[in-house]
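Keep the structure in view as you read.

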Amino acid sequence: MKPLHKKILLTILIIGFLFYIDPVYAGPGGTIAKGLFKTWWGKIILFALFIVLFPLIAYTYCVEFFAVKKTKKQLNQIGLKNKDFSWLNLDKNVRNVFTRVYIAWDKEDMKEVSEYVNHWYWQNQQSVHLDQWKKENLKNVCKLDQIKSVKPLYIELSDTKDLEGSKIAFVITADIKDYLKDRETNRIVQGKNEFGDEEKIWIMEYTNGKWLLDDIREGKFSLAFAKMKNVIPEFHSSTTLTTK
């Protein structure tokens, strides 16, 4: 389940807990909360939360589930012609790039992943972010504990025979620690020194027979990517690919 969805469900569960818990054990805050939800308007608010949030979560989950399922099927069909597009190879390559990029971020040196990231992206990360933070005497701490899931949401195939320039958007969930601290005082100025689930959209581009990181978007855009129709040119659709 998505981190955002977990937060929504946790909020609902907490509200539900406050509604049913005995005031003797709740303390002042809990008693006030329970008192609120004992009122007619309080019950309406609680009911509205369930009505509004659960359908949204269910809709998002269903759209993305079927998008990922169909996209994986299409990738495996494309993989019959080019093994770099088969899902098992893609999953392995994306996880490899993801891991290496996080190591490079932590070392504050994107040159280490120059063969896994396109030229524009690694230069942008180095000059706009990493080098700027160094000038501000800030240290970027970026640790990856584990990759929990990699799911393909959207394909955009090029119309070339070798598929050069094709792009795929993946939604990746991982357990990550990411924060900025002052180099002298070690005071954290942004983020938290703890691991937590993060979800991002990684866009990979097929360049010279390799998958390179092209861009990263926020996880909140996953539904938008899942609703987009995969781009399969007629040149490739002749291999009996089904469209999304």
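Along the sequence, the protein chain follows the pattern α-α-α-α-α-β-β-β-β-β-α-α. It holds seven helices and five strands. Helices (H or I, at least four residues) and strands (E, at least two) are DSSP runs, numbered from the N terminus. The model is predicted: local features need pLDDT of at least 70, side-chain atom pairs count only at pLDDT 80 or more, and totals for chains, interfaces and linings use all residues. Residues are numbered from 1 along each chain as its sequence is written, and side-chain values use heavy atoms, with hydrogens and water left out.

The protein chain has 244 residues, and 43% of them are buried. Buried means under 20% relative accessible area, exposed over 50%, and partly exposed in between (1.4 Å probe, protein chains only). Among contacts with a separation of 6 or more, 64% link residues 24 or more positions apart. A contact here means heavy atoms within 4.5 Å.

**Helix H4**

H4 covers residues 87-107, 21 residues in total. The expected span of a helix is 1.5 Å times one less than its number of residues. For H4 that gives 30 Å, and its end C-alpha atoms are 30 Å apart, which agrees. The buried residues of H4 include Leu90, Asp91, Val94, Val97, Phe98 and Val101. An α-helix has 3.6 residues a turn, so residues three or four places apart point the same way. After H4 comes Glu108, with a positive phi near 60 degrees.

**Aromatic rings**

How many aromatic pairs does a search of the whole structure find? The search finds 13. Rings of Phe, Tyr and Trp (its six-membered ring) pair if their centres lie within 6.5 Å; planes under 30 degrees apart count as stacked, over 60 as edge-to-face and the rest as tilted. Trp105 and Trp202 have ring centres 6.3 Å apart and planes at 70 degrees, so this pair is edge-to-face. Trp105 lies in H4 and Trp202 in strand S4 (residues 196-207), so the pair ties together parts that are 97 residues apart in sequence. Trp105 is buried, at 10% relative accessible area. Trp202 is buried too, at 0%. Together with Phe98 and Tyr102, these two residues form one aromatic cluster.

S2 spans residues 167-182. Of its 16 residues, 13 are buried, so S2 is largely enclosed by the rest of the structure. Two strands pair if DSSP finds at least two bridges between them.

| Partner of S2 | Sense | Bridges |
|---|---|---|
| S1 (residues 138-156) | antiparallel | 16 bridges |
| S4 | antiparallel | 10 bridges |
| S3 (residues 188-191) | antiparallel | three bridges |

Single residues show the pairing. Leu138 has Asp182 in S2 as its bridge partner. Ile168 has Met204 in S4. Tyr179 stands opposite Gly191 in S3. S2 and S3 form a hairpin with five residues between them, and Asn186 in the turn has a positive phi of about 65 degrees.

**Asp215 in S5**

Asp215 lies in strand S5 (residues 210-218). Which residues is Asp215 in contact with, leaving aside its neighbours within four places in sequence? They are Tyr121, Ile201, Trp202 and Ile203.
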